[in-house]
Amino acid sequence: MDKGLFLVISGPSGVGKGTVCKKVVGRNERLLHSISMTTRAPRKGEKEGVDYNFVKEEEFIELIDSGAFMEWARVYGNYYGTPALRVEEIRAKGFDVLLEIDVQGAKQIRSNYEGGIFVFLLPPSMEELLRRIKERATDSSDNIAKRYSAAYNELQEVWKYDYFIVNNDISSAVKRIEAIILAEKCRVNKNNKLLYHILEKGDCSDTSVNR
Ligand code: 5GP
């Protein structure tokens, strides 16, 4: 069995990554969310082990030292990281995994791992981005300004990604992510084992291969 795909989704804070990613994972049973660790305090409504694993800074730093993260970054004063083990376990079972991470983390993954699919979410406009950042009433005004000004630099990273999606409308963004996944599943170089198997049998009629 070929390993599952891993999809990296980035975009500026407030672009709607969280909503789009939750929806796409909810609709696709073979796609799982990588749950990041963070030292940030939970926002209202966020659940431990669902939205993030919330940990203390000392614990996070120990995990960095022990090499537990596939990537990690400090974003707006807090640490965020992707535990490597969970991603590997998911992929080894043939499931696909979605990593919703910032541009610094994506850069690390691009240099250290092969085969990632990199997708960048763009806001419909900067004005709309600011409106969405403000809508998250949990942020202090300082954080709002930080997130908005960081967005200008983050957007320049789009050139390093494989795909971009303008998040005008959630359901159309979700459909586009699904289309990307589908296209990637038809890539010859991501399905070597499957193709050898099909060619050995001399039979392509087994539709279960279209996972
Ligand atoms: P928030 O505090 O709004 O949940 O997330 C702030 C930023 O950190 C977002 O851009 C989010 O995508 C990013 N982020 C979340 N988890 C991770 C992670 O595991 N690694 C990295 N590098 N960034 C992350």
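I start with a helix pair. Helix α1, residues 17–27, packs on helix α7, residues 170–185, at an angle of about 55 degrees, and the axes are 9 Å apart. The two helices are therefore oblique to each other. As for handedness, the crossing of α1 past α7 is right-handed. On the α1 side the residues involved are Thr19, Val20, Lys23, Val24 and Arg27, and they meet Ile170, Ala173, Val174, Ile177 and Glu178 of α7. Before I go further, please keep in mind that this is a predicted model.

The second pair is α5 and α6. Helix α5 covers residues 126–135, and it packs with α6 at an angle of about 145 degrees, with 10 Å between the axes. This crossing is right-handed. From α5, the residues Met126, Leu129, Leu130, Ile133 and Lys134 take part, and they meet Ile144, Arg147, Tyr148, Ala151, Tyr152 and Leu155 in α6.

Next, single helices and what covers them. Which residues of helix α4 are buried? In α4, residues 103–112, they are Val103, Gly105, Ala106 and Ile109. Viewed down the helix axis, these buried residues fall within an arc of 155 degrees, so they line one face of α4. The face turned away from that buried side carries Ser111 and Asn112, which are exposed. What do the buried residues of α4 pack against? The partners are the strands β1 (6–10), β5, β7 (96–100) and β8 (117–122), together with helix α6 (141–155).

Helix α3, residues 84–92, can be read in a similar way. Its buried residues are Ala84, Val87, Ile90 and Arg91. They cover an arc of only 135 degrees around the axis, which puts them on the same side of α3. The elements covering them include β1, β2 (31–33), β5, β6 and β7. After α3 comes glycine 94, with a positive phi near 90 degrees.

Setting aside neighbours within four places in sequence, isoleucine 90 is in contact with Leu32, His33, Phe95, Asp96 and Val97. Isoleucine 90 and leucine 5 are 85 residues apart in sequence, and their C-alpha atoms are 9.6 Å apart in space.

Phenylalanine 69 lies in β5. Is phenylalanine 69 buried or exposed? Phenylalanine 69 is buried, at a relative accessible area of 11%. Not counting residues up to four places away in sequence, phenylalanine 69 touches Met37, Phe60, Leu63, Ile64, Gly81, Thr82, Pro83 and Ala84. One of these contacts, Ala84, is also among the buried residues of α3. For a distance along this part of the chain, phenylalanine 69 and leucine 99 are 30 residues apart in sequence, with their C-alpha atoms separated by 13 Å.

Tyrosine 76 is in the loop between β5 (69–75) and β6 (78–83). Its phi is positive, about 45 degrees, although tyrosine 76 is not a glycine. Tyrosine 76 is buried, with a relative accessible area of 18%.

By contrast, lysine 56 is exposed, with a relative accessible area of 60%. Lysine 56 is in the loop between β4 (53–54) and α2 (57–65). The C-alpha atoms of lysine 56 and asparagine 167 are separated by 33 Å, and the two residues are 111 apart along the chain.

Last item, the cysteines. How many disulfides does the structure hold? The count is 0. A disulfide is a covalent bond between the sulfur atoms of two cysteines. As for accessibility, cysteine 186 is exposed at a relative accessible area of 65%, and cysteine 204 is exposed at 62%.

That is what I had. Questions are welcome.

Note on methods. Residues are numbered from 1 along each chain as its sequence is written. This is a predicted model: local features need pLDDT of at least 70, side-chain atom pairs count only at pLDDT 80 or more; totals for chains, interfaces and linings use all residues. Side-chain values use heavy atoms; hydrogens and water are left out. Helices (H or I, at least four residues) and strands (E, at least two) are DSSP runs, numbered from the N terminus. Buried means under 20% relative accessible area, exposed over 50%, partly exposed in between (1.4 Å probe, protein chains only). A disulfide is a pair of cysteine sulfur atoms within 2.5 Å. The arc is that of the directions from the helix axis to the C-beta atoms. Contact means heavy atoms within 4.5 Å. Axes are lines fitted to C-alpha atoms, for helices over the stretch in contact, and angles run from 0 to 180 degrees between N-to-C directions. Angles under 35 degrees count as roughly parallel, over 145 as roughly antiparallel, 65 to 115 as roughly perpendicular and the rest as oblique. A crossing is left-handed if the near helix is turned anticlockwise from the far one by less than a right angle, and right-handed if clockwise.
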